[in-house]
Amino acid sequence: MSKKEKWFLGLLSFALLFTGFAQMPIFKRYYLADIPGFAWTADYYLNHRLHYLLAFILLFYLFYKVVTFFSSFQLKNLTFLGWLKVFLWGGIVFTGMLRVLKNFPQVVFDYKTVMYVDWIHLGLPFLLFIFFILGKVAGISYLRK
Amino acid sequence: MLSRRKFLQGMVAGSALSLLPKGAKAVRDEEELATLLDLSKCIGCGACVEACKETNAHKFPKPQKPFPRMYPSRVKVADWSDKQDVDDRLTPYNWLFIQTAYVTWQGKEYEINIPRRCLHCQNPPCANLCPWGACLKQKNGIVRINSEICLGGSKCKSVCPWHIPERQTGVGLYLKLLPSYAGNGVMYKCDRCYDRLEKGLLPACIEACPEGVQTIGPRKEIIAKAHQLAKEMSGYIYGEKENGGTNTIYVSPVPFEVLNKAIDTGPGRPHLKPVPNSMALEENLGWAVLTAPLAGLAAGALKVVSKLKKGEEKNE
């Protein structure tokens with residue numbers, strides 16, 4: 001992965017995490033929205049739409065990478081951390097897409113599905129973040145060198 | 001479609017099957033149900049409000065006091081537990097109230113009573129934007145809050161165009177998590193007596209109404225009936241198109257913009273203004289998100305093919 005690509009994915013992940021957090025009523029409670037220029041962080045609709053837009057970019061990128069990655073036979077070089085990342089991203093994408101589906105008026109899930117999809121979509125980014133930090137601290141790469 | 005009067009007629013008529021409201025059949029078939037409120041019939045007696053309170057009392061909050069100290073201190077608690085009798089606005093203990101408008105329209109004086117509660121939107125922003133999976137829409141059109149897991153963040157109220165849900169502090173799951181730092185109770189609103197519908201019973205407000213103001217039935221039939229009724233009384237419809245469509249359809253002999261000016265609005269007292277579809281942009285963006293993986297796969301495939309071609313050309 002090039003440096004530019006790393007930056008792109010890093011910024012995209014941060015923006016998704018931020019707009020995802022903004023779905024919870026915390027930015028107003030904890031004063032972020034009070035900082036001049038940050039009032040938008042407490043706008044649920046705006047952040048929801050931004051999250052959708054960013055998800056579109058992420059999904060396009062991830063699925064583009066899936067094809068190019070598979071074709072370059074890099075899959076066998078994935079370390080345990082690499083596979084973990086793949087599964088975590090997969091879970092986030094899957095639950096995110098279920099959530100988007102659920103938000104169409106024609107689609108209805110039962111209450112337990114709604115609950116678990118939301119909780120998993122909220123929990124997996126935390127895990128991903130933890131493993132990202134652990135990987136950095138321990139100096140473990142997601143690809144064998 | 002079933003009003004209280006017809007329901008009682010069915011009971012008199014006899015067979016066990018005729019006792020089963022059509023609404024119940026629709027629930028079994030998981031059909032989207034809507035209610036029709038003929039405002040020309042409502043006398044504002046409050047029987048629906050009383051019935052709602054009585055029937056849903058077991059769902060009302062039983063808060064633990066003293067409430068946890070909130071951080072930061074500007075987070076205010078919402079406590080209605082000492083004001084449970086309030087019935088002139090929406091509260092966690094009052095999910096339905098009656099707004100009254102005294103108006104003159106086309107030279108005629110009217111007293112229009114409007115039972116107000118959650119409208120049960122077809123694409124409810126409260127359910128779509130709840131980040132905790134606590135608010136949901138059912139196949140039968142009911143939008144309800146799961147009080148077992150709601151944290152009382154009040155986002156559902158903020159995004160609701162009518163600001164319907166009401167919070168009670170000191171109750172719910174947040175007490176077991178980080179009570180001082182996240183959450184603030186549970187949000188409450190009309191659940192259209194989902195538990196009664198499951199048993200084949202009518203929502204309490206419909207059953208109790210002595211004037212047959214409300215009718216429940218499959219949405220298509222209710223919409224057709226609403227248009228027929230509006231035509232007969234040269235009246236107006238509210239709820240069919242509001243917020244992209246709701247499952248509560250009001251028909252009034254007076255335009256709703258006139259009624260809106262004549263009613264008390266504010267906290268717990270929703271307006272009757274026109275409401276555009278809050279989720280319209282998300283519905284379009286949603287399609288883009290769902291097709292993004294295909295677009296990505298296609299772009300990736302193109303890239304691989306062009307790489308292979310370049311390789312072949314080099315080999316030649």
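Tutor: Start with E166(B) and R89(B): both are buried. Keep in mind that this is a predicted model.

Student: How far apart are the closest N and O atoms of E166(B) and R89(B)?

Tutor: The general idea comes first. Opposite charges on side chains can pair when the charged atoms come close. Here the closest N and O atoms of E166(B) and R89(B) are 3.2 Å apart, and the two residues form a salt bridge. The bridge links distant parts of the chain, 77 residues apart. E166(B) is in strand β6, while R89(B) sits in the loop between α4 and β2.

Student: How many salt bridges are there over all chains?

Tutor: The count is 13. One of them joins K137(B) to E32(B), at 3.5 Å from N to O. K137(B) belongs to strand β4 and E32(B) to the loop between α3 and β1, so this pair ties together parts 105 residues apart in sequence.

Student: Is K137(B) buried or exposed?

Tutor: Buried, because its relative accessibility is 13% and the cut-off is under 20%. E32(B), at 22%, is partly exposed.

Student: Which side chain meets R196(B) in a salt bridge?

Tutor: That of E207(B), with 3.0 Å from N to O. E207(B) is in helix α8 and R196(B) in helix α7, so the pair ties together parts 11 residues apart in sequence. E207(B) has 29% relative accessibility and therefore counts as partly exposed. R196(B), at 15%, counts as buried.

Student: Which residues do shared partners join into one network?

Tutor: K59(B), D191(B) and D195(B). Salt bridges with shared partners connect them.

Key
Residues are numbered from 1 along each chain as its sequence is written. Chains are lettered from A and ligands numbered from 1 in the order in which they are written. This is a predicted model: local features need pLDDT of at least 70, side-chain atom pairs count only at pLDDT 80 or more; totals for chains, interfaces and linings use all residues. Side-chain values use heavy atoms; hydrogens and water are left out. A salt bridge is a side-chain nitrogen of Lys or Arg within 4 Å of a carboxyl oxygen of Asp or Glu. Helices (H or I, at least four residues) and strands (E, at least two) are DSSP runs, numbered from the N terminus. Buried means under 20% relative accessible area, exposed over 50%, partly exposed in between (1.4 Å probe, protein chains only).
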